[in-house]
Amino acid sequence: MSKMRKNQKPTTVNGLLKSITIITLVLSFTALIVGGYWIFKNQAPRPLEVIASDGTVVMTQDSIKGGQAVFQKYGLMDYGTVLGNGSYMGPDYTAEALKVYTEGMQDYYAKKDYGTDYADLSQSEAAIIKDKVISEMRENRFNEDDNKLYVTDAQVYGINQVEAYYREVFENGDGWGLKANLIQEQDMPETNRAYVADGDQIEQISDFFFWTAWISSTNRIGDDISYTNNWPFYEDAGNTMSYSAILWSGVSITILALFVAIILYIFYKYRFGMEPAFTKDSYPTFNLSRKKVTVSQVKSAKFFLLVGVMFFVQVMLGALLAHYYTEPDSFFGIKWIYDLLPFGMAKGYHLQLAIFWIATSWLGLGIYFAPNVGGLEPKHQGKLVDILFWALVIVVGGSMVGEWLGVNGYLGNLWFLLGHQGWEYLELGRIWQIAFAIGMGIWLLIVFRGIRGGLQKERDKGGLIHLLFYASIAVPAFYFFAFFINPEMSFTMADYWRWWVVHLWVEGIFEVFAVVIIGFMLVSMKLVTKSSVIRMFYFQIILLLGTGVLGIGHHYYYNGSPEAWIAVGAVFSALEIIPLTLLVLEAYEHYKMMKTGGVKFPYKLTFWFLIATSLWNVVGAGVTGFLINLPVVNYFEHGQQLTPAHAHAAMMGVYGMFAIAVLLYSLRNIVKPEKWNDTWLKWSFWLLNIGLFGMVFVALTPIGFIQLKESFVNGYWASRTSDFLQQDVIQNLMLIRSIPDTIFIVGVVILIIFIVKVMFHLKKPSYHGGDSIPEED
């Protein structure tokens, strides 16, 4: 009895690494939460009233909040951007409103002082007016005691120009991709509106756009820099790059160089790489024809079929979005497609489906893995899998229908609950969001029921199976922060929490989950030693979370957060490239293991996609991310085409390729071996990677650099106009993009055809509810 109790005691294996991991998590999240409180305390005010010199109320806090809700309700963040955050077909409304507001003030003084328009002034007269306007704009007249903002007559004139400009835009369209009469009063009840204030919605959205222009061009109280750290770049408003952006760009590169040397030294000295569990003469053999499967494992196949369907629809929507850059109001002359799916609607679906299909692939993998880990097929596990599948179908379909109805004004006060929430990457309405979270909770229950036996047997609470369980818990847990956001919250604070989901959930927790799953797969295939994988896990998790958690700060440079975030974001974003660089070594190890297995190795294509995942992580998440996250670059680039270049390389290159890898691994085990054909998959692999490379580096990156120069020379607003996008060089690059896009689509089609074909050749389950699974299976 005493011997049994001794064996059940927790182990102290890798105790130092475990301690460092816990300390890293505590310190990094403490700093992030403290930084969030700092944002909350120092965010730009939304004045109770904006008062003109004659005492007239120009706008109110309710109209500013209501305007933000209107912006969200019609899904405009999937068309253009505010404070640089959103989509890139339309303008940045902050930069555009700032230009209209500034020019309005310039015209006001030109007419008052010289009796003519600003454009007609002499150079010396224009310089005098320009300096006067800058001085007046940058003075902060917000009174903290009564929570009111007092504006000058020139500012009132500028505000009126902003409203007149956007009334023209929303009533007649913007001549590019925005529908005329998008905003309709009959879309909402006259009173008691959900988040939208009473009164004219166009006036409210104009007030919101002006507020973002005001916080970008007015100095913080007691400071000489605006609430957005002088972004966007526009010299006529006095917005030029801050010293912090220059300083911390240099510091971040210096620290990166130092830490690369330190980390590589530690990596090699203490041997944190994976150690093979085989020699060339003792390579493990795989007889998949004898590998038996459970009911839930066979049922997991339909998740991968759903992955294929969503992947195809998402990619076709991406092709439509690319086409809109050359023909913004139709598809090769077909108007009804634009009427049904204008850019903003198609973009929202494109982003949402990307998250859905990637997450669904991982859900399917978790369902497949669970019985093998725990050695048991739990009772009624198959029924739970069916419930989860149909719940997922309802959430995907229901949220997409709800978003379309919401944006088109059919949901009234239910727009936030059932329609389009209005945030990029978090488009689905709150009810669908809750349902999605519940679905992930069901998935966690399925995984736990499956691996419970393994958890009980593993004495080390930080061992392989426990790490898999912790990573699985983190997947639904970190989505919870999406519920912190509501339409009344200030844009800056809402954006703070939004990036907890987009950056920490998608780029952080998914990354950790991927690392754990890859290691677990390799151990289960007897390719690497369990002890070396666990050490590698802790080392990589320390690096990923130690850099990635505070690396979220690069999203806060210019959204109204305190200037200190430039320092935090710059340094830790630069350091994020270190763990990604180590993945090159991991890719090489995968390659060696695969080559040693020879032609009989059945998981060859899984390894191809794992190698692609590692390489795209370095190129997509690392190199392109490092480029745009440098503050001196981000100041001019924020919200331009270099961002989707990074996003495509990181989202599809990393998470997409990994999702395909785990899909193929799972299907390889549940499909009859004689019906499997790697030839199809090889074609798909090369077409997907060649297409993605061309999309990112032949089209988006060159356009991004041209746009970067335009911003530097003529001001940020100029780089976001439709006139810029309609230049011959940009249009030609967009047309050239159709070549890699087509290559990529063919790769997707081949993959989907393969998935559909193998669905007819699944193994029959050998283990049912309550059956134990022998170790060899």
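# Salt bridges, cores and surface

Visitor: Which residue meets the side chain of Asp-460 in a salt bridge?

Guide: Happy to start there: the model is a predicted one, where local features need pLDDT of at least 70 and side-chain atom pairs count only at pLDDT 80 or more, while totals for chains, interfaces and linings use all residues. Residues are numbered from 1 along each chain as its sequence is written, and side-chain values use heavy atoms, with hydrogens and water left out. A salt bridge is a side-chain nitrogen of Lys or Arg within 4 Å of a carboxyl oxygen of Asp or Glu. With N to O at 2.5 Å, the partner of Asp-460 is Lys-18.

Visitor: How many residues apart in sequence are the parts that this pair ties together?

Guide: Asp-460 sits in the loop between α15 (430–457) and α16 (464–477), and Lys-18 in helix α2 (residues 15–42). Helices (H or I, at least four residues) and strands (E, at least two) are DSSP runs, numbered from the N terminus. The pair therefore joins parts whose separation in residues is 442.

Visitor: Are Asp-460 and Lys-18 buried or exposed?

Guide: Buried means under 20% relative accessible area, exposed over 50%, and partly exposed in between (1.4 Å probe, protein chains only). On that scale, both Asp-460 and Lys-18 are buried.

Visitor: How many salt bridges does a search of the whole structure find?

Guide: Another example is Arg-141 with Glu-139, at 3.2 Å from N to O. Glu-139 counts as partly exposed because its relative accessibility is 45%. Over the whole structure, the number of salt bridges found is 19.

Visitor: Which residue forms a salt bridge with Asp-386?

Guide: The closest N and O atoms of this pair are 2.8 Å apart, and the partner is Lys-299. The pair links distant parts of the chain, 87 residues apart: Asp-386 in helix α13 (residues 381–407) and Lys-299 in helix α9 (residues 295–299). Asp-386, at 22% relative accessible area, is partly exposed.

Visitor: Which residues have the most contacts inside the largest nonpolar core?

Guide: A nonpolar core is a set of buried Ala, Val, Leu, Ile, Met, Phe, Trp, Tyr and Cys residues joined through side-chain atoms within 4.5 Å. The largest has 251 residues, and its largest share, 25 residues, comes from helix α17 (residues 491–524). Those with the most contacts inside this core are Trp-505 and Leu-667.

Visitor: Which residues does Leu-667 contact, leaving aside neighbours within four places in sequence?

Guide: Contact means heavy atoms within 4.5 Å. With those neighbours set aside, Leu-667 is in contact with Ala-301, Phe-304, Trp-676, Ile-755, Val-758 and Met-759.

Visitor: How many residues are in the other core that lies apart from it?

Guide: Tyr-557, Val-633, Phe-636 and Tyr-716 are among the residues of this other core. The number of residues in it is 14.

Visitor: Which residues does Ser-252 touch, not counting residues up to four places away in sequence?

Guide: Ser-252 belongs to helix α8 (residues 243–269). This serine is buried because its relative accessibility is 0%. Around it, the residues touched are Ala-570, Val-571, Ala-574 and Leu-630.

Visitor: Which helix supplies the largest share of the nonpolar patch?

Guide: Patches are made of residues with over 30% relative accessible area and no salt bridge, joining like charges within 9 Å and nonpolar side chains (Val, Leu, Ile, Met, Phe, Trp, Tyr) within 5 Å. This one, including Leu-305, Val-309, Val-749 and Phe-760, has about 710 Å² of accessible area together, by the Shrake-Rupley method with a 1.4 Å probe and, for residues, only the protein chains shown as cover. Both α10 (301–324) and α27 (728–758) supply at least two residues. The largest share, 5 residues, comes from α10.

Visitor: Is Phe-760 buried or exposed?

Guide: Phe-760 lies in the segment after α27. Its relative accessible area is 66%, so Phe-760 is exposed.

Visitor: What is the radius of gyration of the protein?

Guide: This radius is taken over C-alpha atoms, and the globule rule is 2.2 Å times the number of residues to the power 0.38. For 777 residues, a compact globule would come near 28 Å, which agrees with the protein's own value of 27 Å.
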